[in-house]
Amino acid sequence: MSDHPDDRTQQPDQEAEIVHLDKFRAGRHPYPPTRVDLPGRDEHDWISDLEEKTKTRRPIVPLWLRSRAEALSILRWIAAHYAYVAGYQVSRAPLYAGRLAVRSPRGLGRLVSGFFRWTFDLEGEPVRLATVQKADPEAYLKLSRQRDARVRLRVFVTLLTLATLLIASILVAAAPTPAQWATLAFTLTLLGLLGRPADRPLIDRAVIPASVEKLTSDVVIRALGSLGIAAINQAVAKNPRNPLDFKAPITRDGPGWRADVDLPYGVTVAEVMDRRDKLASGLRRPLGCVWPETVPEAHTGRLMLWVGDQAMNKARQPAWPLLRSGSADLFKPTAFATDQRGRFVGLTLMFVSVIIGSIPRMGKTFLLRLLALIAALDPRTELHVYDLKGTGDLSALECVAHRYRAGDDDEDIEYAITSMRALREELRRRAKVIRNLPKDICPESKVTPELAGTKSLGLHPIVIPVDECQVWFEHERYGAEFEAICTDLVKRGPALGMVLILATQRPDAKALPTGVSANAAVRLCLKVMGQLENDMVLGTSAYKNGVRATMFSFNDKGICYFSGEGENPRIVRCVYLDAPAAEKIALRARAVRQQAGTLSGHALGEDFDAPEAAPVRDLLADIAAVANEPKLWNEVVVDRLAELRPEVYGPWGELEGAAKTAQLTNALKPHGVKTGQVWGTTADGKGANRIGITRDDITQALTQRDSRKGTGAAS
Ligand SMILES: Nc1ncnc2c1ncn2[C@@H]1O[C@H](COP(=O)(O)OP(=O)(O)OP(=O)(O)O)[C@@H](O)[C@H]1O
């Protein structure tokens, strides 16, 4: 506007800005920052633009119409909503009738006075009076004539109306009573409507209960604005009407609402998840209804907010398809949980190892038992069940299990270690069988449904559910061996048809050795208390990426993050089966097995005792045997152990660099032996400091242990 030099003259009413030259120069940047953007407009490649757009394509068939069950659920919801509104208004019909009756006298007054004013043209009265006051006879005469003509016609119309009303009243007086009542109701309604005060509507708005209240963008903005996240508050202050970018309209999605929102720059979904309780308060919904989730294929600020009509832990769960009949096929997904929308979620047990973790009393054992029951319902499966809590929670499975043990006493552990050694041998046998099979029969070097069904090959699925697995790994005598066998099973077992399912209430490095936790394909994490446990179960960086089982509340029993099957970790609610139901299903599984002739081992009453001469593996004693130097690097110790007992420490020896070192450090922790930097030399004589052990620490730990045993024996 004032670019022209002549225009730049200061207007007299504008004050000039006074600049202190010295201050201004001092504040000036010595080297003005240079922009690195290229001059000119952004160049667009329309094909990449199109490709970008395809990422945000909206589905042709709306989400809720994709499945029959979901469409039905939406229709049910709509019907329930309108039935509610109708019910609400019908229940208030007497109130509305009362209101109309009370208002009808005023309505009659308004009607009569309105008619009177109209008939005698009273609305023209002020104008006529004005002509009288102005003493304008001509205008007055004109208006009077007009009024007389009008009144003549209107009086006639009014008389006609009154006559019609009179005849109608006589007819009504002679009519049957229902017609009289109907006329009275109609007249009262009409008069009541006419007598309505301007500020008081007749019909109340149906007060829609919170559980089905519509989720609107205003409600979402209000809730996100109440989280105390500075960037969201700034966005709301800057643009109160439109502070957030909604990527799609808020829609019904199953029994709830779904909103897709881009949070302001720099705010992550993880921050919102951390404040789930505040979000629920902002939405005015129970905590169990509010589920903020990330959209991993978008960016970390894309929030998918699902708000259920009912809390997930309270919503009615559909009956489990295998509850009363049917069998399972481990090679196919079997329903084990429902998602937030109430749809069944399946898990394919074949070719995976499973880790279940949570704090106590959240439903870990129930979930383990459910997975074991699914395995039991496939008659080909051989079950090895270990209940190390010893409370008999898995006793329902005794009637189908090939190996079963509850408890953590010495004989229980020896039973387990003997059976696990046999399983390791089985693993090796299977590897050989698979290796020797022709490629056309076994193209991918793994068990197929056909191979699993061929009895002579012995490649049937073997499922090993272990509750409170930390008891094994922390066992003084057999801990290292259990760890070595389980690591091997987790790594090689899935392809060979051996499925290990480990549940623990203390998911840390001791309870869940890294070799095991890092290689499990399926992870189920119920509520945990911190980032460490979360990542132990769900995998490294899960917490950082917004997959946080810490956000579950203590009431979210049976609700977990399920990662491994499908693309992204998702929140599911496991099927609830109590002990009597579990027993019934197990008995059904037994009947199927009897028919198929696959009942074996413990289920047939076979005694499986730990052989007396089972070789003893003792990590401390083994290290003492191989460590002749005062200080030794972990990697050297592991190599020597692997040489000493390849059947126990062989897999350790195959680990690379840091993993090999960490393996020994973790294995020594339960024995109270710490590793640290020790000086040593490489094979070619070069000296270096690396993580290692000191022989004195090992002998000291051995002495302490033996003396403890001595005291225990004496007491
Ligand atoms: N899917 C589920 N839905 C609803 N409630 C459940 C579900 N699974 C378990 N629960 C409830 O949670 C309680 C605890 O379950 P469970 O015994 O499996 O916990 P846990 O985590 O194994 O505990 P602990 O670590 O003490 O063994 C059960 O009594 C049960 O009522």
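Reader: Which residue in E17 is the bridge partner of Gly676?

Author: Strands of a sheet pair through backbone hydrogen bonds, either parallel or antiparallel. Keep in mind that this is a predicted model. Here the partner of Gly676 in E17 is Gly692. Strand E17 covers residues 687–694, and six bridges join E16 to E17, the two running antiparallel.

Reader: In what order do the three strands of the open sheet come?

Author: The order is E15-E17-E16, with antiparallel pairing. Strand E15 (631–633) and strand E16 (676–681) are the edge strands, each pairing on one side only. From one strand to the next, the twist averages 65 degrees.

Reader: Now the core. Which residues of the largest nonpolar core touch the most other members?

Author: That core has 149 residues, and those touching the most other members are Leu349, Leu371, Ala372, Ala376, Leu397, Ile501 and Cys560. Helix H12 (residues 364–376) gives the most to this core, nine residues.

Reader: What does Cys560 touch, leaving out residues up to four places away in sequence?

Author: Cys560 touches Leu524, Cys525, Leu526, Ala549, Val572 and Cys574.

Reader: And the ligand: which of the 14 residues around the ligand come nearest?

Author: Pro360, Gly363, Lys364, Thr365 and Gly558 come nearest.

Notes: Residues are numbered from 1 along each chain as its sequence is written. This is a predicted model: local features need pLDDT of at least 70, side-chain atom pairs count only at pLDDT 80 or more; totals for chains, interfaces and linings use all residues. A nonpolar core is a set of buried Ala, Val, Leu, Ile, Met, Phe, Trp, Tyr and Cys residues joined through C-beta atoms within 7 Å. A residue is buried if 20 or more other C-beta atoms lie within 10 Å of its own, exposed if 12 or fewer, and partly exposed in between; C-beta atoms are placed from the backbone. Helices (H or I, at least four residues) and strands (E, at least two) are DSSP runs, numbered from the N terminus. Two residues are in contact if their C-beta atoms, placed from the backbone, lie within 7 Å. Two strands pair if DSSP finds at least two bridges between them. Axes are lines fitted to C-alpha atoms, for helices over the stretch in contact, and angles run from 0 to 180 degrees between N-to-C directions. A residue is near a molecule or strand if its C-beta atom, placed from the backbone, lies within 6 Å of it.
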